[in-house]
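Welcome! Here is a short tour of one protein model, with a stop at its surface and another at its inner spaces.

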Amino acid sequence: MIFLKENKILLILFLIISLNSYSQKLLVKDSQENTIIPNVTVYNTQKTISILSDFDGILNLSSFNKKDTIILSHISYEKLKISLNNISENTIYLNPNTQVLSEIILSVGRNRENKEKISKKVSLITNKKIELDLPQTSADLLFYAGGVRIQKTQGGGGSPVIRGFEANRVLLVVDGVRMNNAIYRSGHLQNAITIDPNALERTEIIFGPSSVGYGSDALGGVIHFYTRTPKINNEKRWITKGSNSYNTRFNHNVNNLNIEHSKDKLASFTSLTYSDFGDIIMGSKRNHGFQSWGLNKYVLKNDNFNNNMLLNKNSEVQKNTSYTQFDFLQKFNLKISESSNLVFNIQHSKSSNIDRYDKLNEFESDKNLKYSQWYYGPQKRSLFSSTYNFSNNKKWLQKGTIVAAFQNIKESRHNRKFQSLILNSQFENVKVYSLNIDFVGLKKDDSSLSYGFEYTYNNVNSTAFGENLVKNNVTISSAKNSDSIFKIPTRYPSAGSDYSTVATYYEFRKDLSEKSNFNFGMRYTLTTLNASWGEEALIDANLSTIETRNSSLTGSLGYVTRTKNNWQINAAFSSGFRSPNIDDTGKIRENRGILSVPNKELKPEYAYSSELGLTKFSNDKSNVFSLNLYYTHITNHINRDYFEILNDNSTIDSNTILYNFEEVKTMANVNLGRAYIYGFSFDSESTIFKNIYFKSNITYTEGGSVQRPEPLPSISPLFGSFYLKWIKSNLKMQLAYKFSGSKNPEDYSKGGEDGLEETPILRYADKIPQYYGMPSWGVLKLSSSYELSNNFKATLILDNIFDIHYREFASGISSPGRNLNIVLEHKF
C-alpha cells in the first residue's frame, strides 16, 4: 500500500511538472519570403535559458516553462517578444530588420564591404532571389542580375553582355580564380555554362571597368561566381538535398544531388549534376510579321555520318540544339586554428558534342546547305585550387587570403562541308596556373586598406588535322588509318604559345562621416605573350614568331553620400584595360567567307568610365528606386577590320587569300582609335502590399567610333524586365515580363559580330539580301512554388505563355516557345 501511495505521489508530481513545462516545437520563418530561418537565438526574460533554431529553422522549446515569456533574436530580423501561452500555431514569423540589414559584397576590391558604401553598381544573385526562376545554366542565371543580356548561337550557348562589352571584355571569376584565359575570344563565348548553378551560393556582378581589383579584361565588368563552402562544426552534421527539373515540351532533364557533411574541424560539400537538354522548339506566334524567319526547314541526318539533307517535319523544332553535360564539385574546409582555415576546391565540367546550330543552317547556294557537320567537341573544364584564409592583429596585415589554382581547359571544333568526305578538326588545350594574394590592413570601423598580388601563366597547345572519310553505300565513316589523316592550319600558333601576367594593386576606403565615404585604388599589370608557328603555314604572313610585352597602370576613385531624406548619391571614375591575348593576336578562323588572321602589331585597349548613381529608398528600405548613368571612353579600341596580307600571292586580289582551297577575304583585330559607350539603367524594388512585391529593370546602351562613323558590336537595344510576386503561407507566385526593343540594320557592326544575317530578310536587291534588323519582342512567364513540407517543395514555371517567336539580339538561334518546367526539390 505504502509503495502504491508513493507511486501515486510521484505520478502526481510528474503530471504537475509536465503541465508547467513546454514541449512544443516551433518552425521559424521569414514573414515576407516564407523561408526558414536557422540560428535564431531564443531566451527567456531572466536569460537563464537559451537555445538556437537548427538548420531547418526548428526550435525545441522543451527547456522552457509554459508560463515563460521568450525573446526571439536574429541579426537580420526584428526581435520578437511573446508569451508561450499565446502561441497557438506551430509556425512563428519574424519580420526582416531592413534598417540594419545591408547586403555584403565580397568581390569589389576583393574584400567584404557593405553594398551601400560601394560607389559602383553591383548586383547580387542568391538562390533565394531566383527561387521562382530556377535557371538551368549559369549563363541564363546572369539575366536576373538586371542589366545583363545573354547571347546564344547554339543550344549550349550563353554569352553575357554588360554595358556594350562581351566575351573577353567581361571577366569571369569563380571562387577567386579568373576563368578568362589566353584564348577567350572577342566573339561569343559559352564558357559560363561550365559553372553549375546548383552548386552556387551567390553570384556578384560588378558593372563597369574593374581592373584595379581584377586586371585585364574587366572592361564591361566582372562576374564572380561563388560556389558553396561547407560550414565547420555545423549543428546538423549531414545535409542532403536533391532536385529534379523536367521540361515537358523540350524533354530537358536536370538532376542534382548536394551532400554536405560537417565535423568539429573538417567539413565537406559534394555536388553532382547531370543535365540532358533536348531540342529547343521556337514560338509559333509571329507578331513581327515574318512568317518564315528562323524556321528550321531542313535537317541533316548525321547518324553514322549520313550525308542527307531532309525536310524537317516540324520546322519550329530547332534540330541539333540538344546536348548533355555533367558537373562535379568537391570542397573540403579544414580548420587550421581559431583564426585560419584551408579550403580545397575541385571542379569538373564536361559536355557532349554541341552542334553549331547557326552553321548547320547556313546555305552555300539556293539549294544546298554549306555544312553537313559543324560542332564543338566536348567542352571540358577542370579546376583545382587551395585557399588559405587567416587573420591576426597586425596593423598592416589584419587578414588575408591566398589562392593557388590550376585549370585545364579542353575544347575542339569540327566541320565538314555538305556532301564532302573531308572532316576538319581543331583541338585546343589551355593549362592555367595562377596565384592570388589578397591582404587587408588598417581594418577599422571607418577605414580599410586592401592590397595584393596576382600571377597567371597560360600555356596554349593547338593542333589540327583533316581526315578523308570513306563512303560505304549510303553512309560515311572514318577510315581509321593514318593514311587518311593530313595536316590543316591550326586555330592558334601551331608550335605553341603562352600568355602571362604579373600584377600588384591596392584600394583604400574611408568613411568621411556616418553618411559619406570615398575610395581610391591603383593597379600595375605587366603582360607578356609569346607565339610561334613551326610548320610552313598556308598563310605566308611573315608570322614565324610573335613576342609582345605590355604594361598598364589603372585606377579608380569613388564617392558615396547618403542624405537625411533617404537619398543616396554615388559617383565613380574607373579605368580598365585589356591586353591582347592569343585569340586576339594569333588566331586563324573562317566564317562566312571571311578569314580572321593574326596581327602582331596589336596594342592594348583602354576604357575610362564615369558613373553617377541616384538611389531613393523608404525609411524601412522596402521601396528602393535607383538610376545609374555612365559614359565610357575607349582608346586603342580593338575591333575587326579588313586586313591586307602583304606577302601573300595565292590570289590576284590583295584583299583575299586562298584558304582551304577557297578564296576568302581577310580580316584581323586592329586598333581603330577611339570609341565611346554610354547609357543608363533603372532598377526598382517595391512592397506594394504586405504580400505583394514588385521589381523591375530597364537598360539602355548606345555607342560608336570617334574617328569612323561606324557602330560598335554588342550594343544591345533597349531591354528590361518586370516582376510581380505574391507570397501567402507556403505558396509563392510570380508573373514576369521581359522585353527588348528593335535594332535597325544600319546600327549593326560591320565585323559581323552582331549577326545581321540572322535577322529577317526584307527584300532582295540584285540577289543581295536586304536585312530588316532585330524586331522588338516581349514575353510573359508565370511561376509558382508550394512547400508541401519542410523537406519537399514543388515549382512550376510556365515560360513564354503566349508562345511568341523571338530572338535575343545577335543570337543565331530562336528563343524557346511556350514551355512548362516542373522542378521538385527534396531535403533528406
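## A residue at the surface

Phe689 sits in strand β47, a strand being a DSSP run of E with at least two residues, numbered from the N terminus. Phe689 is exposed, at 56% relative accessible area (exposed means over 50%, with a 1.4 Å probe and protein chains only).

This is a predicted model, where local features need pLDDT of at least 70, side-chain atom pairs count only at pLDDT 80 or more, and totals for chains, interfaces and linings use all residues. Residues are numbered from 1 along each chain as its sequence is written, and side-chain values use heavy atoms, leaving out hydrogens and water.

## The largest cavity

How much space lies in the largest cavity? About 850 Å³. Among the 42 residues lining this cavity, Asp140, Lys152, Lys738, Asp799 and Pro816 are the closest to its centre. A cavity here is a set of points on a 1 Å grid over the protein atoms alone where a 1.4 Å probe fits but cannot get out, and lining residues have an atom within 4 Å of a point. Its volume is the space filled by probe spheres set on the points, which are joined across faces, edges and corners.

At least two lining residues come from each of β11 (148-151), β49, β50, β53 (777-789), β54 (792-799) and β55 (819-827).

## The second largest cavity

The second largest cavity holds about 160 Å³ of space. It is lined by 19 residues, and those closest to its centre are Val108, Gly109, Lys120, Glu507 and Ser556.

Note on methods
Helices (H or I, at least four residues) and strands (E, at least two) are DSSP runs, numbered from the N terminus. Buried means under 20% relative accessible area, exposed over 50%, partly exposed in between (1.4 Å probe, protein chains only). On a 1 Å grid over the protein atoms alone, a cavity is a set of points where a 1.4 Å probe fits but cannot get out, and a pocket is an open set with protein on both sides within 12 Å along at least five of seven lines; lining residues have an atom within 4 Å of a point.
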